[in-house]
Amino acid sequence: MKTVYFVGAGPGDPELLTLRGKRLLEEADCIVYAGSLVNPKILDFAREEAVKIDSSRLSLEDIVDCIERFVREGKTVVRLHSGDPSIFGALTEQIAALNRRGIAVTVVPGVSSVSAAAACLCREYTVPGVSQTLIVTRCAGTTPVPERERLSLLAEHRSSMAILLSAHLAGEVQRALLEAYPPETPAALVYHATWPDEQILTGTLGELERLSEALHRRESTIILVGAFLKAQGERSHLYRRKTP
């Protein structure tokens, strides 16, 4: 039986799809893609006769049934995720359900929107002397967050932070982070990083809720917080001149 390929579509720009992901899309008989989270231009890599299925309105069971049907027909199936499937991709439950049906899975990583957001700002999350830790998380919403991972607790590290799926709760995020970060901490909102309609707003943590209201677009928006957004930090040991 063929393997199902879970492919990360990257943050949006079709040129940020991996070479392996592009090849698999070109070869696929069926592509089950994550709705509007995937730039439709990426589907242009597929063959015209390939079946393309929007999974945004499908349940887990519907998705698995669909994949299984094509796999058992001997077809090459690509499950196309936005960004990288390993980050908030509901990957585990899909793989478990497919494995229970005897279907093997191969995961092809993609460029995460977290990486894309930093690139759009020309910033590094791990600036020497400023922060050597990046926390990627979300605010509790429909999907709960373990108590030990509350934003206010994570904020105590004062590290670089990328907060996904939470721009609609910007006020709550702001209040939680202000329990540890000073209000003048740099912050940024990045909407649709690398898409043609990309938008970026920068300011401070104390202005975060206002910035979110000014953006008017909260889905597919990443909140970035931390001194890395402005601090130059120390010179890296990696490129120091070596003494003879």
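Me: Two strands count as paired if DSSP finds at least two bridges between them. What makes β8 and β10 a pair?

Reply: Five bridges join β8 (residues 186-191) to β10 (residues 221-225), against a requirement of at least two, so the two are paired. The strands run antiparallel, and Y191 stands opposite T221 in β10. The names follow DSSP runs, numbered from the N terminus: a strand is a run of E of at least two residues, a helix a run of H or I of at least four. This is a predicted model, in which local features need pLDDT of at least 70, side-chain atom pairs count only at pLDDT 80 or more, and totals for chains, interfaces and linings use all residues. Residues are numbered from 1 along each chain as its sequence is written, and side-chain values use heavy atoms, with hydrogens and water left out.

Me: What makes β6 and β9 edge strands?

Reply: The open sheet has five strands in the order β6-β7-β10-β8-β9, with mixed pairing. β6 (134-138) and β9 (199-204) each pair on one side only. Neighbouring strands of this sheet are turned by 20° against each other on average, direction ignored; the axes are lines fitted to C-alpha atoms, for helices over the stretch in contact (heavy atoms within 4.5 Å), and angles run from 0 to 180 degrees between N-to-C directions.

Me: Which strands does helix α7 lie across?

Reply: Helix α7 (residues 208-215) lies across β8, β9 and β10, and runs at about 160° to β9.

Me: Why is T194 called buried?

Reply: Buried means under 20% relative accessible area, exposed over 50%, and partly exposed in between (1.4 Å probe, protein chains only). T194 has 18% relative accessibility, so it counts as buried. T194 lies in the loop between β8 and β9, and its phi is near 75°, a positive value in a residue other than glycine.

Me: Why is F88 called partly exposed?

Reply: F88 is at 42% relative accessibility and therefore counts as partly exposed. F88 sits in the loop between β4 (77-81) and α3 (91-100). Its phi is positive, about 50°, although F88 is not a glycine.

Me: Which way do the residues of β2 point?

Reply: From β2 (residues 30-33), C30 and V32 point one way and I31 and Y33 the other, and all are buried. In a regular strand the side chains alternate between the two faces of the sheet.

Me: How do you know that β2 pairs with β3 and with β4?

Reply: β2 and β3 (residues 51-54) pair in the parallel sense over four bridges, with D54 as the bridge partner of Y33. Four bridges also join β2 to β4, again running parallel, and I31 has V78 as its bridge partner there.
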